[in-house]
Amino acid sequence: MQLQKLFTMQKSLDSYIQKEKNISHDMFFEKGLALLVELAELANETRCFKFWSTKGPSDKETILEEYVDSIHFLLSLGIEKELDDLENWPVEDREESLTHLFLHTHSSIQHFLEEPSKPLYEEVWKWYGAIGTSLGFTHQQIVQAYIDKNEKNYERQRSGY
């Protein structure tokens, strides 16, 4: 999947928020924590770890929206560390349970936050992509959901969110 369009859209949103909120300093760790929170929210919607419950996952649309929420912060972190030249979403087939994919993704995010580098950034994308694949999302669905959420985020900013 081509990422440059998403990076461009995210740069624009980030700039808009920085201007509107008068932010002049680095927000790397805040964005990193936001990414981890969004990842946890996604896990919660999938309910993959809730072995004690018989209730199934949320509907696919809700899960997809949560999935792209993390992409906003993942893109933004790359922009902050000038790693936004990543052309394509690095993909690796990872045949693990969804629970394990979440744990590995969390771990890779932590590692990247401690040592921001291109190889570690790509590793986060690989693990996060494996979650999307496991959830059955196509690249087209992800891109469209990102575009839709990007527009919603602008609207939220304009309405004082």
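A contact is defined here as a pair of heavy atoms within 4.5 Å. The structure is a predicted model, in which local features need pLDDT of at least 70, side-chain atom pairs count only at pLDDT 80 or more, and totals for chains, interfaces and linings use all residues. Residues are numbered from 1 along each chain as its sequence is written, and side-chain values use heavy atoms, with hydrogens and water left out.

Six helices and zero strands make up the secondary structure of the protein, where helices (H or I, at least four residues) and strands (E, at least two) are DSSP runs numbered from the N terminus. The order of elements from the N terminus is α-α-α-α-α-α. The radius of gyration is 15 Å, close to the 15 Å that the globule rule gives for 161 residues, so the protein is as compact as a globular protein of that length; this radius is taken over C-alpha atoms, and the rule is 2.2 Å times the number of residues to the power 0.38. The C-alpha trace spans about 45 × 35 × 25 Å along its principal axes. Among contacts with a separation of 6 or more, 84% are accounted for by residues 24 or more positions apart.

Of the 161 residues, 46% count as buried, that is, under 20% relative accessible area, with exposed meaning over 50% and partly exposed in between (1.4 Å probe, protein chains only). The protein exposes about 8700 Å², of which carbon and sulfur atoms supply 52%; areas were computed by the Shrake-Rupley method with a 1.4 Å probe, and for residues only the protein chains shown count as cover. The mean positions of the 17 positive and 28 negative charges are 4 Å apart. For this count, Lys and Arg are positive and Asp and Glu negative, while His and the chain ends are not counted; each charge is placed at NZ of Lys, CZ of Arg, CG of Asp or CD of Glu.

Rings of Phe, Tyr and Trp (its six-membered ring) were paired if their centres lie within 6.5 Å, with planes under 30 degrees apart counted as stacked, over 60 as edge-to-face and the rest as tilted. By this rule the protein has ten aromatic pairs. One of them joins F28 and F29 edge-to-face, at 5.3 Å centre to centre and 80° between the planes. F28 is buried, at 2% relative accessible area, whereas F29 is exposed, at 56%. F51 and W52 also form an edge-to-face pair, with 5.0 Å between centres and 85° between planes, and both residues are exposed. F28 and F29 belong to one aromatic cluster together with W89, F112, Y121 and W125.

F73 lies in helix α3 (residues 60–80) and is partly exposed, with a relative accessible area of 26%. Residues up to four places away in sequence aside, F73 touches K31, A34, L35 and E38. The C-alpha atom of F73 is separated by 22 Å from that of C48, 25 residues away along the chain.

Most residues other than glycine have a negative phi. N22, although not a glycine, has a positive phi of about 55°. N22 is located in the loop between α1 (4–20) and α2 (28–46) and is exposed, with a relative accessible area of 69%. E82, likewise not a glycine, has a positive phi near 55°. The position of E82 is in the loop between α3 and α4 (98–114), and this residue counts as exposed at 66% relative accessibility.
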